[in-house]
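Student: Before we look at any detail, could you show me the model, so that I can learn how its features are read?

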Amino acid sequence: MPVTRSRRTLFGTAALTLALSALVLTETAYAAKPVGSGKGASSEQSGGGDGKGIYAAARIQYSGSVAKGGGRGNVTSTDVNWTPPPCWYAPYLGAKDFKKEMSKHIDSQLNAPGMGGTAGAALGEAKRHYEDGYGWTDTPGYKDYNVENDGKGMFWAGVENPDEPDYLKRTSCTDLPFWVENGDAPPPQYEEAISPEILAALAYQHMQLPDTKVTLAPEATTKVNLPTWAWLDKAVFDEVQATAALNVPGFNIQATTTARPVSLKLEPGTKDAVTYPASGECVLNADNSIGEPYAKGKADETPPCGIRYLRSSGDGTYKLRATITWAIDWTGTGGAGGDLPNGTFGNEQAITVQEIQAVNR
């Protein structure tokens with residue numbers, strides 16, 4: 001008979017939930033490191049069966065324009081209040097494998113010297129939860145780790161986002177592992193359960209945008225008060241896509257994040273310069289180019305996108321920074337989709353600015 005008690009406070013205050021989660025989630029599961037092992041994101045897929053219906057944890061698989069090795073990409077969100085998810089819940093192990101791992105750790109902790117008091121009692125409740133059907137509000141218990149349903153679903157567990165710098169946020173998915181039937185959605189109380197929307201945010205986090213090398217005329221050496229034209233041909237850059245997918249028995253979801261360039265911002269690298277337009281923000285043209293290529297005879301014209309330096313760079317150079325803003329949206333499994341915050345990425349180019357030499361006769 002389930003007791004009326006919140007799943008979030010039963011193990012509670014306690015570091016016990018963290019301890020159990022850490023114990024369960026850092027153990028090697030066959031050839032694959034399980035979800036939450038500190039490698040919570042990967043560019044490769046781990047998991048599958050061994051012919052006996054035993055499944056190791058599946059990792060998120062990234063493809064498209066993403067950073068190598070599963071690392072963080074180079075996109076910077078323009079919304080300082082937006083961050084990728086610090087943690088989430090995802091499929092972990094089948095019932096038989098979960099029983100093997102969880103029972104081993106619970107028994108080990110119960111038999112540890114000095115284990116008693118609140119921690120010992122909580123461990124006892126955890127044991128009852130998975131073995132004797134002991135549950136609480138909105139969280140039913142299990143009989144013998146639910147092994148009678150092995151192959152019909154998986155236990156889900158918390159996953160840390162290794163790219164989240166805040167330890168408390170990264171380790172905040174501390175609910176004990178829970179069962180999800182194949183083909184079913186996770187229980188609604190687990191708001192951080194992996195979803196296409198979460199995958200879209202992770203694809204955003206891992207997206208690798210192309211370098212921004214602006215074409216200049218004059219190219220690398222210009223003169224004081226001489227307009228320098230800047231442009232990006234539509235063939236130089238195009239939309240970029242990154243996909244994140246999670247595939248395990250009975251649960252397959254994915255999301256694709258698409259970034260489209262919308263504007264170019266020029267920062268001359270010195271206060272002694274004028275930008276065109278004055279804001280330094282060059283917007284996308286109708287043909288998806290930015291700016292206008294320089295052509296012979298335009299030397300005295302004002303470029304639609306460019307810079308005019310007012311002072312020589314002397315023996316050095318100015319660092320012209322060109323940053324593209326990208327509009328980003330996503331689509332995912334089941335027709336889900338929406339917008340994400342704009343992203344930016346830029347590069348610096350060295351510009352030499354010389355004084356115009358006059359010849360006296």
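Tutor: Let us begin with P218, which is found in the loop between β8 (215-217) and β9 (221-223); helices (H or I, at least four residues) and strands (E, at least two) are DSSP runs, numbered from the N terminus. This is a predicted model, in which local features need pLDDT of at least 70 and side-chain atom pairs count only at pLDDT 80 or more, while totals for chains, interfaces and linings use all residues. Residues are numbered from 1 along each chain as its sequence is written, and side-chain values use heavy atoms, with hydrogens and water left out.

Student: Is the peptide bond from A217 to P218 cis or trans?

Tutor: As a general idea, most peptide bonds are trans, and most residues other than glycine have a negative phi. The bond from A217 to P218 is cis, its omega lying near 0°. Y276 and P277 are also joined by a cis peptide bond, with omega about -5°, and P277 lies in the loop between β13 (273-276) and β14 (281-283).

Student: How do I check the span of helix α3?

Tutor: The expected span of a helix is 1.5 Å times one less than its number of residues. Because α3 (residues 117-131) has 15 residues, it should span 21 Å, and its end C-alpha atoms are 21 Å apart, which agrees. Among the buried residues of α3 are L123, A126 and Y130, and the helix is followed by G133, whose phi is positive, near 75°.

Student: At what angle do the axes of α2 and α3 cross?

Tutor: Two packed helices are described by the angle between their axes and the distance between the axes. Axes are lines fitted to C-alpha atoms, for helices over the stretch in contact, and angles run from 0 to 180 degrees between N-to-C directions. The axes of α2 (residues 95-110) and α3 come within 10 Å and cross at roughly 155°; angles over 145 degrees count as roughly antiparallel, under 35 as roughly parallel, 65 to 115 as roughly perpendicular and the rest as oblique, and therefore α2 and α3 are roughly antiparallel to each other. The contact (heavy atoms within 4.5 Å) is made by F98, M102, I106, D107, Q109 and L110 of α2 together with G120, L123, G124, A126, K127 and Y130 of α3.

Student: What is M207 in contact with, leaving aside its neighbours within four places in sequence?

Tutor: M207 sits in the loop between α5 (196-206) and β8 and is buried, with a relative accessible area of 0%. Its contacts beyond those neighbours include S65, V66, N74, V240 and T258. Across the protein chain, residues 24 or more positions apart account for 73% of the contacts with a separation of 6 or more.

How values were computed: Buried < 20%, exposed > 50% of the residue type's maximum accessible area, 1.4 Å probe, protein only.
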